[in-house]
Amino acid sequence: MDKYAVIGNPVAHSKSPQIHAAFAHATGQGMTYERLLAPKDAFAATVDAFVRDGGFGLNVTVPFKLEAHALADSCSARAELAGAVNTLKREHGTWYGDNTDGPGIVRDLAHNLGVALAGREVLVLGAGGAARGIMSALLAERPHSVTISNRTAHKAADVARLFSRFGNVVAAAPPALAGRAFDVVINATSAGLADAAPPPWPGTIFASAGFAYDMIYGDAPTSFLLWALRHGAARTADGLGMLIEQAAESFLLWRGVRPATGPVFALLRPAGSS
Ligand code: NDP
């Protein structure tokens with residue numbers, strides 16, 4: 001059995017093992033997939049131990065995507081651009097890194113949720129590995145603009161500079177968003193995973209028919225999505241669809257087979273559940 005895992009901290013909440021087990025079953029691939037909790041200061045050591053144990057590939061989640069990029073021996077163009085890796089594949093004794101978060105979120109928005117980005121004002125909250133990973137895919141959809149805003153403002157400015165050659169992308173510190181409203185607001189922060197502090201952004205960021213997307217997912221609506229609804233967002237979705245779509249891209253890279261995602265969506269969130 002070829003051995004795969006999702007590595008992160010925290011990682012207990014991850015649904016990736018269920019998703020990849022379903023993909024493997026549906027496509028007849030012989031593989032195992034587990035959760036790997038890495039101490040925050042021991043990402044590389046945990047990856048080394050996984051290799052010694054016969055590991056073939058990893059999904060990388062919070063907070064290690066930038067470290068995974070540093071660890072990869074070679075990377076896809078999109079991972080190189082993002083400076084963040086969410087998928088590692090063992091090849092000839094080295095690590096190849098890719099980033100499937102961008103195609104994952106765009107496929108979920110466009111195909112599963114019917115949210116077109118072309119011509120829209122998009123706001124991305126957060127400037128960590130996940131935000132960097134989705135930026136070029138969002139800009140490729142030709143939105144009117146993508147504004148990026150982060151609690152630590154200089155990181156958003158860095159990301160905006162990096163991606164400005166792909167479209168109209170600007171950085172704005174949280175207080176500078178007072179009085180601004182956006183068609184699509186994407187929460188790419190990890191706020192809510194470990195704490196319940198209120199977001200540092202003004203509640204006026206949602207346009208009247210605005211759509212709020214939280215890359216975090218859960219069995220109940222996330223704290224960000226509840227906050228968005230209280231502040232006028234008309235529609236919301238959490239990141240389960242993105243998780244499934246980015247997982248399918250990782251699976252394709254590892255196994256050379258693209259699994260269907262619809263059945264996994266139905267498995268993890270049966271009709272009628274939240
Ligand atoms: P990182 O650790 O790289 O970045 C975290 C980001 O969140 C930073 O911008 C940080 O701001 C911000 N942040 C953390 N706490 C707060 C807070 N209390 N208030 C405001 N901002 C905060 O994480 P990733 O970018 O890798 O992941 C971000 C989230 O996206 C995670 O929750 C992850 O699970 C989710 N995700 C979901 C995916 C899916 O498929 N659904 C795929 C990828 C990610 P600062 O710079 O100021 O510290």
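In which sense do strands E10 and E11 pair, and over how many bridges? E10 and E11 pair in the parallel sense over 5 bridges, where pairing requires that DSSP finds at least two bridges between two strands. The model is predicted, so local features need pLDDT of at least 70 and side-chain atom pairs count only at pLDDT 80 or more, while totals for chains, interfaces and linings use all residues. Residues are numbered from 1 along each chain as its sequence is written, and side-chain values use heavy atoms, with hydrogens and water left out. Helices (H or I, at least four residues) and strands (E, at least two) are DSSP runs, numbered from the N terminus.

- Asn187 stands opposite Asp214, a residue of E11.
- E11 also runs parallel to strand E12 (residues 235-238), to which 4 bridges join it.
- Asp214 has Asp238 as its bridge partner in E12.
- A right-handed β-α-β unit is made by E11, H8 and E12; right-handed means that, with the strands pointing away from the viewer, the path from the first strand over the helix to the second runs clockwise.
- E11 is largely enclosed by the rest of the structure, because 7 of its 9 residues are buried. Buried means under 20% relative accessible area, exposed means over 50%, and partly exposed lies in between (1.4 Å probe, protein chains only).

- Val185 lies in strand E10, which covers residues 182-187.
- The relative accessible area of Val185 is 0%, so this residue is buried.
- Beyond its neighbours within four places in sequence, Val185 is in contact with Leu123, Leu125, Ile205, Phe206, Phe211, Ala212, Tyr213 and Phe224; contact means heavy atoms within 4.5 Å.
- Val124 is 61 residues from Val185 in sequence, and their C-alpha atoms are 6.0 Å apart in space.

**Salt bridges**

- The count of salt bridges comes to 12, with a salt bridge taken as a side-chain nitrogen of Lys or Arg within 4 Å of a carboxyl oxygen of Asp or Glu.
- In general, side chains of opposite charge can pair when their charged atoms come close.
- Lys3 and Asp53 form a salt bridge through their side chains, at 3.3 Å from N to O. This pair links distant parts of the chain, 50 residues apart: Lys3 is in strand E1 (residues 2-8), and Asp53 is in the loop between helix H2 (43-52) and strand E3 (55-60).
- Lys3 is buried at a relative accessible area of 16%, whereas Asp53 is exposed at 54%.
- Lys15 and Asp219 also meet in a salt bridge, at 3.3 Å from N to O. Here too distant parts of the chain are linked, 204 residues apart: Lys15 is in the loop between E1 and helix H1 (16-27), and Asp219 is in the loop between strand E11 (206-214) and helix H8 (223-230).
- Lys15 is buried, with a relative accessible area of 14%, whereas Asp219 counts as exposed at 61%.
- Arg258 and Glu249 form a salt bridge at 2.9 Å from N to O.
- Arg258 is partly exposed, with a relative accessible area of 46%, and Glu249 is buried at 15%.

- The protein chain is divided into domain 1 (2-99 + 241-268) and domain 2 (102-238), with bounds that come from an automatic or database domain assignment.
- The C-alpha centres of domain 1 and domain 2 lie 24 Å apart.
- At the interface, 18 residues of domain 1 are in contact with 24 residues of domain 2.
- The area buried between domain 1 and domain 2 is about 1700 Å², and carbon and sulfur atoms give 65% of it. Buried area is the accessible area (1.4 Å probe) that two parts lose on being put together, summed over both.
- Leu81, Met242 and Glu245 supply 39% of the area that domain 1 buries against domain 2, more than any other three residues.
- The rule finds 2 salt bridges across the interface of domain 1 and domain 2.

**Thr261**

- Thr261 is found in the loop between helix H9 (240-255) and helix H10 (262-268).
- Thr261 is buried, with a relative accessible area of 14%.
- Not counting residues up to four places away in sequence, Thr261 touches Phe23, Ile244, Glu245 and Ala248.
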